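Hi everyone, thanks for coming. Let me put the model up on the screen, and then we'll walk through a helix, a hairpin and some aromatic rings.

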Amino acid sequence: MSHTPTRADFDQHMVPNYSPQKVIPVRGEGSRLWDQDGREYIDFAGGIAVNSLGHCHPVMVEALKTQGEKLWHLSNVYTNEPALALARELTERTFADKVYLCSSGGEANEAALKLARRWAFDNYGEQKNRIISFGKSFHGRTFFTVSVGGQPKYSQGFGPVPGGIVHAEYNNLDSVRELIGDTTCAVMVEPIQGEGGIIPATAEFLEGLRALCDEHNALLVFDEVQTGVGRTGSFYSYMDYGVTPDILTSAKGLGGGFPVGAMLTTDRVAPAMAIGTHGSTYGGNALASAVALAGVCHIDTPEVLAGVAKRHDLFREHLEEINRKHGVFKEIRGKGLLIGAEMAPEYEGRAKDILPLAIEEGLMALIAGPNVLRMTPSLVVPEADIKEGLARLERAVARLVAGQ
Ligand SMILES: *Cc1c(COP(=O)(O)O)cnc(C)c1O
């Protein structure tokens, strides 16, 4: 590589669907990143809730290297040991009996939606095809998942959307009662809406959805792509709520930075995904599965999960302190290390203005919609990095308040 890539190359060579920040990180270790000029950053973005063990965690590097020297990929004409081991761990650690492996959250949800429709078709007939999801929900960028997602801007301009999809209001059971019926095949919901602004479901809401699905023979699908694999302090967040879905989707933190997704389901539902009904060339890729397996076994331990809850308290304490001084937030919410700070009315829509200031101060963070600052750091981010990162955030917030 004779040419060192720069941010200008993005505009020249890549389709303009993203608008990345100016700095280009080139190296990461734990919760720290370094850019092309050697500047250091604390990473509270974590690749959008992906780098669950930070950057280059020894457990993940070891799994990648070991598998990388053995076997990468076979296709599904053969099975492989890491995929089988991952599927076994996922079923033993959850409600699920069966697993479908893929490479992203959108693909996991696509599989879940197709499975729900096919299960209803096989068991009740083709009229049972209605899918209920929620306003502001996000389920991925495939055409089916943007249609089910509750943000119309993501499906507009792409032609006719698939039919049979309706949207109810999140945390409002009455709005679901109005829409659900015997032709409903599935209700898809995020236990905490991520992209929609870090909005947790109430326990009554999820319990009520479970009861309504049971009453109407519909499948309850939890999209845990963002909330899963320790992010909220339990292995999957349905465990906190004590409400068990029929299908659960996982990705993001599952691979800790390696592209992998999974759809989990039960023996009652799985047979609808019979031979030939669905598939993916990369699904169950040996390298991806080996990395995910190492991450899952490391994260789903009492020490790591308890550490997530402890770190949450530290974040909350410091964010509230920042807010006492600067009054920029209306509410700090979320669970575990999925944290959102909604802007106060005077700063309506300005969460995004904090990001470039934070980068100048040496901190990477995220937003969830224009009005919510989001933080999804490594589940094992050291306490010292949390404190230093929040000190940098405070400087960025002070500059926002001062109008700089
Ligand atoms: C990110 C996300 C997705 C999409 O995952 P991709 O890997 O980008 O396809 C789906 N659902 C939720 C809840 C997400 O946060």
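This is a predicted model: local features need pLDDT of at least 70, side-chain atom pairs count only at pLDDT 80 or more; totals for chains, interfaces and linings use all residues.

Residues are numbered from 1 along each chain as its sequence is written, and side-chain values use heavy atoms, with hydrogens and water left out.

Helices here are DSSP runs of H or I with at least four residues, strands are runs of E with at least two, and both are numbered from the N terminus. α5 covers residues 105-124, 20 residues in total, and spans 28 Å from first to last C-alpha, close to the expected 28 Å; that expectation is 1.5 Å times one less than the number of residues. The buried residues of α5 include Trp-119, Leu-113 and Asn-109; buried means under 20% relative accessible area, exposed over 50%, and partly exposed in between, with a 1.4 Å probe and protein chains only.

Now the hairpin. Strands β13 (residues 329-335) and β14 (residues 338-343) run antiparallel and are joined by 6 bridges; strands pair if DSSP finds at least two bridges between them. Gly-334, for instance, has Ile-339 in β14 as its bridge partner. Between the strands sit 2 residues, and Gly-336 in that turn has a positive phi of about 55 degrees.

On to the rings: how many aromatic pairs does a search of the whole structure find? The search finds 8, counting Phe, Tyr and Trp (its six-membered ring) with centres within 6.5 Å; planes under 30 degrees apart are stacked, over 60 edge-to-face, and the rest tilted. Phe-134 and Phe-205 are edge-to-face because their planes meet at 75 degrees, with centres 5.4 Å apart. That pair links strand β5 (residues 130-134) to helix α8 (residues 203-215), 71 residues apart. Phe-134 is buried at 0% relative accessibility, and Phe-205 is buried at 1%. Together with Tyr-170, Phe-134 and Phe-205 form one aromatic cluster.

Another edge-to-face pair is Phe-138 with Tyr-154, at 5.6 Å between centres and 75 degrees between planes.

That's my tour, so over to you!
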